[in-house]
Amino acid sequence: MASFNLTHSDPSTFILMGIPGLEAVHFLISIPFSMFYIIGLLGNFTLLFVVWKEQTLHKPMYLLLCMLVLTDISMPTSVVPKALCIFWFNLKGITVGGCLTQMFFLHAASVMHSAILVTMAFDRYVAICNPLRYTTILTNARIAKLGLVGLIRAVVFILPMPLLLSRQPFCANRIIPHTYCDHMAVVKMSCGDITVNRTYGLVVAFVVNGLDLMLIAISYSLIIRAVLRISSKKAHQKALNTCTAHICVILMSYTPSLFSSLTHRFGQGIAPHVHIILANLYFLLASMLNPIIYGVKTKELRDKVGKYTCRR
């Protein structure tokens, strides 16, 4: 990873403590961490391979799924290797530049993940509410452009976070009670005025999550209205089944993400180790379960995955 250029604090390091209060069981905690990570990588790379190999899956829906898979690989990969170094080898040091770089990639991947979920909601809306024009409205080229817009948005929103922090003076006590460099955890290490940093982080959390959740809610309200107009119960069920996997992924992504973001700022009564474990499970479980959800709920994809796994 490339590091951000820093000034006087460049040679310094932070100390990532892992999960404070549970140091004695760090090795035991590393077992499910590493298992979830490996299973997630296997599942996500399998989906990428199958979609790449199968010409019949080169459709907007599966192109979006591949984008989601890439973010599901990026988020835990930004965090888990360093966390395992802490758990297994007690290697807790991380340079300020490395810390800010990790923060950027983790949060940028999270914002990109949210943008893809919004685009997938729009995809389901067009498929159900305007099926005859689906192939003309959502082409592969248009999906690629929407993905690029989501990536640019992620960079524009997240890049100021490490840049603002790189200008902050950090205190002598550089111990971060976490497994990774979360934005608010690093902000609290500063001895300077952090009003701008705290405000910007809060604004990004509410603008990104708030706007994306609003767009998803609008899409699904229009979908529900369209489904209720269908007289056939079989058509009802078929229409709703196409959305089940996406709804599951949305709930699994936004619920722990919002909880983690809010408790870091306002949840003083929550034990630190509870917050840290939940924050890690947010991207570990999503990365592991998303390919399983789509593999189970999407028949076309399930059949193609079965074709390759059974052959081997």
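These questions and answers walk through one predicted model.

The model is predicted, so local features need pLDDT of at least 70, side-chain atom pairs count only at pLDDT 80 or more, and totals for chains, interfaces and linings use all residues. Residues are numbered from 1 along each chain as its sequence is written, and side-chain values use heavy atoms, with hydrogens and water left out.

Trainee: How many helices and strands are in the protein chain?
Mentor: Helices (H or I, at least four residues) and strands (E, at least two) are DSSP runs, numbered from the N terminus. Along the sequence they follow β-α-α-β-α-α-α-α-β-α-α-α-α-α. The count is 11 helices and 3 strands.

Trainee: What radius of gyration does the protein chain have?
Mentor: The radius is taken over C-alpha atoms, and the globule rule is 2.2 Å times the number of residues to the power 0.38. For 312 residues, a compact globule would come near 20 Å. The chain agrees with that, at 21 Å.

Trainee: What share of the 312 residues is buried?
Mentor: Buried means under 20% relative accessible area, exposed over 50%, and partly exposed in between (1.4 Å probe, protein chains only). In the protein chain, buried residues make up 49%.
That share counts all residues, as totals for chains do. The value is 49%.

Trainee: At what angle do the axes of α2 and α3 cross?
Mentor: Axes are lines fitted to C-alpha atoms, for helices over the stretch in contact, and angles run from 0 to 180 degrees between N-to-C directions. Helix α2 spans residues 60–89 and helix α3 spans residues 96–129. Their axes come within 9 Å. They cross at roughly 160 degrees.

Trainee: Is α2 roughly parallel or antiparallel to α3?
Mentor: Angles under 35 degrees count as roughly parallel, over 145 as roughly antiparallel, 65 to 115 as roughly perpendicular and the rest as oblique. The crossing is at roughly 160 degrees. Therefore α2 is roughly antiparallel to α3.

Trainee: Where is Asn90 found?
Mentor: Most residues other than glycine have a negative phi. Asn90 has a positive phi, near 60 degrees. Asn90 counts as exposed because its relative accessibility is 52%. Its place is the loop between α2 and β2 (93–95).

Trainee: Which residues does Ser219 touch, not counting those up to four places away in sequence?
Mentor: Ser219 is in helix α8 (residues 195–228). Ser219 counts as buried because its relative accessibility is 10%. Contact means heavy atoms within 4.5 Å. The residues touched are Ala121, Phe122 and Tyr125.
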